[in-house]
Amino acid sequence: MIWLTWRQFRTQAAVIFAAVAALAAALAVTGPQLSDLYRTAGSSLVDQVSRADQTLYYTGLLVVLAVPTVIGMFWGAPLISRELETGTHYLAWNQGVTRTRWLATKLGFGAAASMTAAGLTSLAVSWWSSPIDRAINGGGATDTYFPRLDPVAFAARGVAPMSHAVFAFVLGVTLGLVIRRTLPAMATTFALYAAVQIAVPMWVRSHLAAADRTTVPIEPGGGPISVQDGARQLVAHPEDVPGAWVTAQQTLDGAGRPAPVPSSFADCLRTESGPPALQQVEGCLADLGALGYRQQVTYQPAGNFWALQWAETGLYLGLALALTGFCAWWIRRRVT
């Protein structure tokens, strides 16, 4: 059963592992030079990375993010749906292989391969990017590169990509088992996995570890404050928490209570034509600060990276386990 599964699986596996090997080779060649540059430049490394290394940085991000999606679509979804379409599953079932064993072999083999592919890719990219990540955590500028806790970079670092890949694979298998058509199962896998990858950073991840809060005064020369949404919202950019992931912003009034930005602030910024000048913005912020207004920032500190990684890994593995149980029930009760 294992040999048969491998023969059905080997072409897709070879394509992904070849791509992973090519990326790892490119990273291995350029990584030591980047580490040497960090030892001499420290947090200013982010201003000295070459254009080629910058391209490699974003390529690595995209590849790690794409691997679970590709695994779900091209490994998971066709694995069972193709057999159900052609009826070849009856050959195994009529030769003494139980449905549970047939399913367990396919799921176990595919999940192990998925974790290996995603784990190797994440390991290579995390190692190569570590000098940039350390530079940002040390106070380096984040205009070009992402902190490790940023929703984009987080899913391409550490152990989380392995759990993402397992979940995507099992999701694809589940949809293939239920839909029983390969192409619709592949398309549905892509849509549902993308939806989960959007929903978790937006509504779940920030609650997986205890957040910190800081209060930024609204005054010229204080922490950077930007004005958004037609002067109805303020966004603070605290400089004393490098590498942090800001998850919420709240304006506080003079009594320390959450409050909307007063309409007088928008009136202060209004001009006859064009945006207000920088001096005018600073003056309006000074007036707002004189009324006691402050900005409260809720954030996940850089030190919570591994706590969030392990918590999210457990979340995705739990989802994959639940889908596995559903597959076992479905194949015994609903597949004929």
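The following dialogue explains how to read several features of a predicted model.

Trainee: How many helices and strands does the protein chain have?

Mentor: Please keep in mind that this is a predicted model. The secondary structure of the protein chain comes to 10 helices and 5 strands. Along its principal axes, the C-alpha trace spans about 80 × 45 × 40 Å.

Trainee: What percentage of the residues of the protein chain count as buried?

Mentor: A residue is called buried when its relative accessible area is under 20%, and exposed when that value is over 50%. Of the 336 residues in the protein chain, 44% count as buried. Tyr57, for instance, is found in helix α2, which covers residues 51-86. Its relative accessible area is 1%, so Tyr57 is buried.

Trainee: How far apart are the C-alpha atoms of Tyr57 and Gln250?

Mentor: Tyr57 and Gln250 are 193 residues apart along the chain, and their C-alpha atoms are separated by 33 Å. A second pair is Ala155 and Ala141, which are 14 residues apart in sequence and 21 Å apart in space, C-alpha to C-alpha. Ala155 is found in the loop between α5 and α6, and it counts as buried because its relative accessibility is 5%.

Trainee: How many salt bridges does the structure hold?

Mentor: A salt bridge pairs a side-chain nitrogen of Lys or Arg with a carboxyl oxygen of Asp or Glu, within 4 Å. The structure holds 7 salt bridges. One of them joins Asp36 and Arg39, whose closest N and O atoms are 2.0 Å apart.

Trainee: Are Asp36 and Arg39 buried or exposed?

Mentor: Each residue must be judged by its own value. Asp36 has a relative accessible area of 41% and is therefore partly exposed. Arg39 counts as exposed, because its relative accessibility is 62%.

Trainee: Which parts of the chain does the salt bridge between Asp133 and Arg157 tie together?

Mentor: The side chains of Asp133 and Arg157 meet in a salt bridge of 2.9 Å, N to O. Asp133 lies in helix α4 (residues 99-137) and Arg157 in the loop between α5 (151-154) and α6, so the pair ties together parts that are 24 residues apart in sequence. Both Asp133 and Arg157 are buried.

Trainee: Where do Glu312 and Arg205 lie in the chain?

Mentor: The side chains of Glu312 and Arg205 meet in a salt bridge at 2.6 Å, N to O. This pair links distant parts of the chain, with Glu312 in helix α10 and Arg205 in the loop between α7 and β1 (212-217), 107 residues apart. Glu312 counts as buried because its relative accessibility is 0%. Arg205 has a relative accessible area of 1% and is therefore buried.

Trainee: At what angle do α7 and α10 pack?

Mentor: Two packed helices are described by the angle between their axes and the distance between the axes. Helix α7 and helix α10 (residues 305-333) pack at an angle of about 135°, and their axes are 13 Å apart. That angle makes α7 oblique to α10.

Trainee: Which residues form a nonpolar patch on the surface?

Mentor: A patch is a group of neighbouring residues considered together. Here Ile198, Met202, Trp203 and Val204 form a nonpolar patch on the surface, with about 430 Å² of accessible area together. Val204 is found in helix α7, which covers residues 182-204. At 30% relative accessibility, Val204 counts as partly exposed.

Trainee: Which residue in the loop between α6 and α7 deserves attention?

Mentor: The backbone angle phi is the feature to read here. Arg180 has a positive phi of about 65°, although it is not a glycine. This residue is placed in the loop between α6 (160-179) and α7. With a relative accessible area of 24%, Arg180 is partly exposed.

Trainee: What is the value of phi in Ala231, and is Ala231 buried or exposed?

Mentor: Ala231 is a residue other than glycine with a positive phi, near 70°. Its place is in the loop between β2 (225-228) and β3 (233-236). Ala231 counts as buried, because its relative accessibility is 9%.

Methods. Residues are numbered from 1 along each chain as its sequence is written. Side-chain values use heavy atoms; hydrogens and water are left out. Patches are made of residues with over 30% relative accessible area and no salt bridge: like charges are joined within 9 Å, nonpolar side chains (Val, Leu, Ile, Met, Phe, Trp, Tyr) within 5 Å. Accessible areas come from the Shrake-Rupley method with a 1.4 Å probe; for residues, only the protein chains shown count as cover. Helices (H or I, at least four residues) and strands (E, at least two) are DSSP runs, numbered from the N terminus. Buried means under 20% relative accessible area, exposed over 50%, partly exposed in between (1.4 Å probe, protein chains only). Axes are lines fitted to C-alpha atoms, for helices over the stretch in contact, and angles run from 0 to 180 degrees between N-to-C directions. Angles under 35 degrees count as roughly parallel, over 145 as roughly antiparallel, 65 to 115 as roughly perpendicular and the rest as oblique.
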